[in-house]
Amino acid sequence: MRFLKTPPAHDLTYSDVFMVPNRSSITSRLDVDLASTDGVGTTLPIVVANMTAISGRRMAETVARRGGVAIIPQDIPPDVVGETVDKVKGAHPVFDTPISVTPHTTVGEAMSLLGKRAHGVVVVVEDGRPLGTVSEADATGVDRFAQVHEVMSDDLAIVSPDTSPEAIFDALTARHLHVALIVDQDRLLGVMTRRHAIRSTLYRPALDPDGKLIIGAAVGINGDVAGRAESLLSSGVDVLVIDTAHGHQEKMITSLKAVREVRDRLAESGGRRIPLVAGNVVSAEGVADLIDGGADVIKVGVGPGAMCTTRMMTGVGRPQFSAVLECAEAARGAGRAIWADGGVRYPRDVALALAAGAGSVMIGSWFAGTYESTGNLLADAEGRMYKESYGMASARAVKLRTRTQSGFERARAGLFEEGISSSRMYLDPERPSVEDLIDSIVAGVRSSCTYAGASNLEEFHRLATVGVQSSSGYEEGRPLHASW
Ligand SMILES: NC(=O)C1=CN([C@@H]2O[C@H](COP(=O)(O)OP(=O)(O)OC[C@H]3O[C@@H](n4cnc5c(N)ncnc54)[C@H](OP(=O)(O)O)[C@@H]3O)[C@@H](O)[C@H]2O)C=CC1
Ligand SMILES: Nc1nc2c(ncn2[C@@H]2O[C@H](COP(=O)(O)O)[C@@H](O)[C@H]2O)c(=O)[nH]1
Ligand SMILES: [K+]
């Protein structure tokens, strides 16, 4: 990446910068390969942040199907992480997991499950075989205590797993149906909407060597770090994140070394060498020390997160674009990669982080307001759908994390909060699924690459030309949804 003009002496946020187009020989945005360069095995440079209100089983499965990876937070007990890993590994790499109920399930219960996934139907199943589907339209005006077999639609598009996405798309269009049910030998394997059919030709799932979807998990720096790391690695995670607010501290370095020993021992006894990610830091010195401690990837960002109050509480942090730029250069110099963590709100921010040299971009709050985040779907007084979210250093998260300690200890720890305990993240009615958000990120970043003349992310980092803008420069780039 180069600056258009001499960069200013002060540090820059994503909003402070823009990219200018280069002469390009790339003729189509579809010719751009967005596989990450960080060695983690994703085909998209997107990581879901280890936040309890955001990253769980459905998020992990959905994002990995499109090529990214989700990190299960450090506060989730190891046996629950193990179950989550099993579920994600058991999910179909192409077809979406159905929401299935028995014929005698009440309409009320079936409708409460509908918001769990984006495809909009519940499948009524008996002995593994689909009998019908129930959508919100089928349930409108129906008594909540009625049973689903009374209201289900039995006009079904049943296809075999070897049907091409194009054929599924055409069949659904011809029959005016919303989802195809993928059935193999009388067993419901998955579902596919027309949008999913298109996506399955545009994205490549992120898979482990056995062809299963990938997933990561996090460990903090307190307690039995090596023990938790061993348990997570044994449960089959594909990437391990060692995470704390101030990653450039001695305790992080000793924890990291302990985790590396566990990882290396398991790898030597026949396991895979799982990449270790450590953070968070915002300086080249921090990067160097974590690489020295054994990190394969360094997580970068102090204070840019949407749930984060660190900068207002402490004055500490660093504008994220400059942090990413400096840390990426330091990591690349040592043959390692970084993840740009936090503060991403628009596709442009993802593009700018990658231009600055990030291997992947970690996103939390933007993905909180989706069907796939962990929380329950709620409606406000006007009927707008939202999910509740909170920061991992908020009093709420600290209370959860310290639940085994005395009431006094917990209350005292809660005073040191550096995050928001409750926020409403609204679902965008146009983009209610994390897959819709990924579509827009991918459309934006593919386009950024072709403006730069890059056919992959390594070229993009090399070719990107970045300028510095005023706040009115940023404002000029915003769309206008109503007249002046
Ligand atoms: N990227 C960011 O800007 C930030 C991210 N977070 C996220 O919140 C989650 C919880 O992290 P964290 O609060 O570190 O909790 P952890 O449970 O990981 O504990 C942090 C440990 O480090 C010690 N510590 C020393 N100095 C600091 C410091 N300046 N800030 C925080 N802890 C310090 C704490 O001791 P003691 O409590 O006794 O001081 C504690 O033992 C993580 O997921 C983290 O990524 C949190 C804040 C900022
Ligand atoms: N200072 C705090 N930082 C937090 C907290 N919870 C999460 N985080 C960080 O934010 C990113 C995600 O950023 P987002 O803008 O995409 O939401 C996450 O990975 C953490 O590094 C918190 O309570 N305090
Ligand atoms: K912030």
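This is a predicted model: local features need pLDDT of at least 70, side-chain atom pairs count only at pLDDT 80 or more; totals for chains, interfaces and linings use all residues.
Figure 1. E409 belongs to helix α15, which covers residues 407-414. Between E409 and C449 there are 40 residues of separation in sequence and 50 Å in space, taken from C-alpha to C-alpha.

Figure 2. Where they touch, seven residues of domain 1 are in contact with six residues of domain 2. On the domain 1 side, the touching residues comprise three nonpolar, two polar and two charged.

Figure 3. Six bridges connect β9 (residues 179-184) with β10 in the antiparallel sense. One pair to look for is V179 with its bridge partner T193 in β10.

**Figure 4. Strand β15 between β14 and β16.** β15 (residues 337-341) pairs with β16 in the parallel sense over three bridges, and β14 (residues 297-300) pairs with β15, also in the parallel sense, over four bridges. K299 is placed opposite W339 in β15. Towards β16, A340 is opposite V361, and D341 has M362 as its bridge partner. Five of the five residues of β15 are buried, so this strand is largely enclosed by the rest of the structure. A337, W339 and D341 point one way from β15, while I338 and A340 point the other way. In a regular strand the side chains alternate between the two faces of the sheet.

**Figure 5. Strand β16 and its pairing with β3.** β16 spans residues 360-363, with S360 and M362 pointing one way and V361 and I363 the other way; all are buried. Strand β3 (residues 46-48) runs parallel to β16 and is joined to it by three bridges. Within this pairing, V48 has I363 of β16 as its bridge partner.

**Figure 6. Buried residues of helix α10.** Helix α10 covers residues 284-293, and its buried residues are G286, V287, D289, L290, I291 and G293. These buried residues pack against α9 (250-268), β13 (276-281), β14 and α12 (320-333). Just after α10, G294 has a positive phi of about 115 degrees.

**Figure 7. The antiparallel sheet β17-β18-β19.** Three strands in the order β17-β18-β19 form an open sheet with antiparallel pairing. β17 (378-379) and β19 (423-426) are at the edges, each pairing on one side only. Two bridges join β17 to β18, which covers residues 385-389, in an antiparallel arrangement. L378 has Y386 in β18 as its bridge partner.

**Figure 8. The shell around ligand 1.** Ligand 1 is surrounded by 23 residues, of which G220, T244, A245, M392 and A393 are the closest. By residue class, the shell contains seven nonpolar, twelve polar and four charged residues.

**Figure 9. The shell around ligand 2.** Ligand 2 is surrounded by 24 residues, and the closest of them are G305, C308, G364, G391 and G419. This shell divides into eleven nonpolar, eleven polar and two charged residues.

Terms used:
Residues are numbered from 1 along each chain as its sequence is written. Chains are lettered from A and ligands numbered from 1 in the order in which they are written. A residue is near a molecule or strand if its C-beta atom, placed from the backbone, lies within 6 Å of it. Ala, Val, Leu, Ile, Met, Phe, Trp, Tyr, Cys and Pro count as nonpolar, Asp, Glu, Lys and Arg as charged, and the others, Gly among them, as polar. Two strands pair if DSSP finds at least two bridges between them. Two residues are in contact if their C-beta atoms, placed from the backbone, lie within 7 Å. A residue is buried if 20 or more other C-beta atoms lie within 10 Å of its own, exposed if 12 or fewer, and partly exposed in between; C-beta atoms are placed from the backbone.
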